[in-house]
Amino acid sequence: MRSWNGRDAQDGEHLNDESGMLYGEYLMLDKVIKAQRMVSQEHNQPVHDEHLFIITHQAYELWFKQIIFELDSIRELFSTELEESQTLEILKRLNRIVLILKVLVDQVMILETMTPLDFMEFRGYLRPASGFQSLQFRLIENKIGVQHEHRVKYNQNYSNVFGSDQEAMKLIEKSESEPSLSLIVQRWLERTPGLEAKGFDFWGKFQRSVEKLLDEQKQMALKETSDSARRFRLAEWENQTEVFESIFNPKVHDALVARGERRFTHRALQGAIMITFYRDEPRFSQPHQILTLLMDIDSLITKWRYNHVLMVQRMIGSSQLGTGGSSGYQYLRSTLSDRYKVFVDLFNLSTFLIPRSMIPPLTPIMKNHLCLNWETNTYINGDDKA
Ligand code: HEM
């Protein structure tokens, strides 16, 4: 039997005969450890830092692979009727993705120990290779739910890069056509218990609370004795009225979705708001954690983009083209916007919060339904006017 460094196992060496496999064999280290080809060396101009450059990219790709593995499994778990035990598993796996992304954000620093001059010494050999051609990065974006029309223009051509690679094209097309994490999460949010108009009717109750709040706000504004204070308060009230109109009027909501400023369906947004308000109720506590982790994923990918852009500027400045043919720094900077935040609506939920005292109180039936005591759970859909 051969060990990973190519030596034959000698008598007396500690081998795990029972499993019949050695560490290196199991991990196929002969492939992984030998997969660093320094192009500068092949050109008889070895550049020390190229080794780090390769290892860093490979480490990223390995972690990308793990993220995809987790994402696929999470989407599968979500697609079935969710049991409480599955929610825990989803939480565990989402949290794992978050932790991996944290490592990926920090990992940029290691590559930054390479100076621009070092990089310049081997950069020429790389052309036209570029992270732009990272298939796994695109798969992650698609599987999470980045939509084609939200990508910046140059980025909309990303699939051309894989044109000659049939297998890659198939994976890209599949990732674009199958339900993304965002879509699946929306379907799940749409089923939030308590949204039924004939049941607890959260949305109707919430709307009435907001109307009361806005009315109080207006009365307070009109009571202001100073002209400027009154004008200021009334402007504030008008702004608030418009903000809430954007969620209560489905047409305004749809217009925002069409403009790409909002992503979730109207019903999914309602579910997310409801979970946010009643997150202290036992059955909403895990869903609330899920929403928080989804935001973490968006935040961390944005942070990675930002760290990567800063590194790119440090390495090649802001006017050199990228090896992949983009405008380089300028292109990458344009990807930092909200366009790539799949769960941007969850970030914006704070806009629609109202004081605790005005949150519609739960009816006893609803309260009972959201507790974890299954024995006494008597919630009947459509019969909650208590
Ligand atoms: C010296 C270090 C690096 C430089 C100078 C650099 C430069 C660039 C440039 C200029 C682009 C824009 C596309 C183009 O090439 O025209 C790009 C895109 C990209 N790079 Fe890097 N990169 C570096 C390190 C890394 C690392 C370590 C990764 C990890 C996988 C990475 C992943 C990516 C990805 C995924 C994109 C596509 C981003 C998008 O289109 O949204 N890069 N890089």
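**View 1. Asp 201 is found in the loop between α9 (181-190) and α10 (202-223).** Here, as in every view, helices are DSSP runs of H or I with at least four residues, and strands are DSSP runs of E with at least two, numbered from the N terminus. This is a predicted model, in which local features need pLDDT of at least 70 and side-chain atom pairs count only at pLDDT 80 or more, while totals for chains, interfaces and linings use all residues. Residues are numbered from 1 along each chain as its sequence is written, and side-chain values use heavy atoms, with hydrogens and water left out. The phi of Asp 201 is near 55 degrees, a positive value in a residue that is not glycine, whereas most residues other than glycine have a negative phi. With a relative accessible area of 16%, Asp 201 is buried, a word that means under 20%, while exposed means over 50% and partly exposed lies in between (1.4 Å probe, protein chains only).

**View 2. Met 28 is placed in the loop between α1 (23-26) and α2 (29-32).** Although Met 28 is not a glycine, its phi is positive, at about 50 degrees. Met 28 is partly exposed, with a relative accessible area of 46%.

**View 3. The peptide bond from Arg 127 to Pro 128 is cis.** Its omega is near 0 degrees, and Pro 128 is found in the loop that runs between α6 (116-126) and α7 (135-144). Most peptide bonds are trans.

**View 4. His 308 is the only protein donor of the iron atom of the ligand.** The NE2 atom of His 308 lies at 2.2 Å from the iron, where donors are N, O and S atoms within 2.8 Å of the metal (3.2 Å for Na, K and Ca), and sites may look incomplete because water is not among the atoms. His 308 belongs to helix α14 (residues 282-316), and α14 also gives the largest share of the shell around the ligand, 6 residues.

**View 5. The ligand is surrounded by 28 residues.** A residue is counted if one of its heavy atoms lies within 4 Å of the ligand, and the closest are Ser 130, Arg 138, His 308, Ser 326 and Tyr 331. By class, the shell holds 14 nonpolar, 12 polar and 2 charged residues; Ala, Val, Leu, Ile, Met, Phe, Trp, Tyr, Cys and Pro count as nonpolar, Asp, Glu, Lys and Arg as charged, and the others, Gly among them, as polar.

**View 6. Asn 249 caps the N-terminal end of helix α12 (residues 250-258).** A side-chain oxygen of Asn 249 lies 2.9 Å from the backbone nitrogen of Lys 251. Just after α12, Gly 260 takes a positive phi of about 80 degrees.

**View 7. Ser 175 lies in helix α8 (residues 166-177).** Ser 175 is buried, with a relative accessible area of 3%, and its side chain reaches the backbone oxygen of Ile 172 at 2.8 Å.

Key
A polar contact is a pair of N or O atoms within 3.5 Å; within protein, one must be able to donate a hydrogen and the other to accept it, and residues adjacent in sequence count only if both atoms are side-chain atoms.
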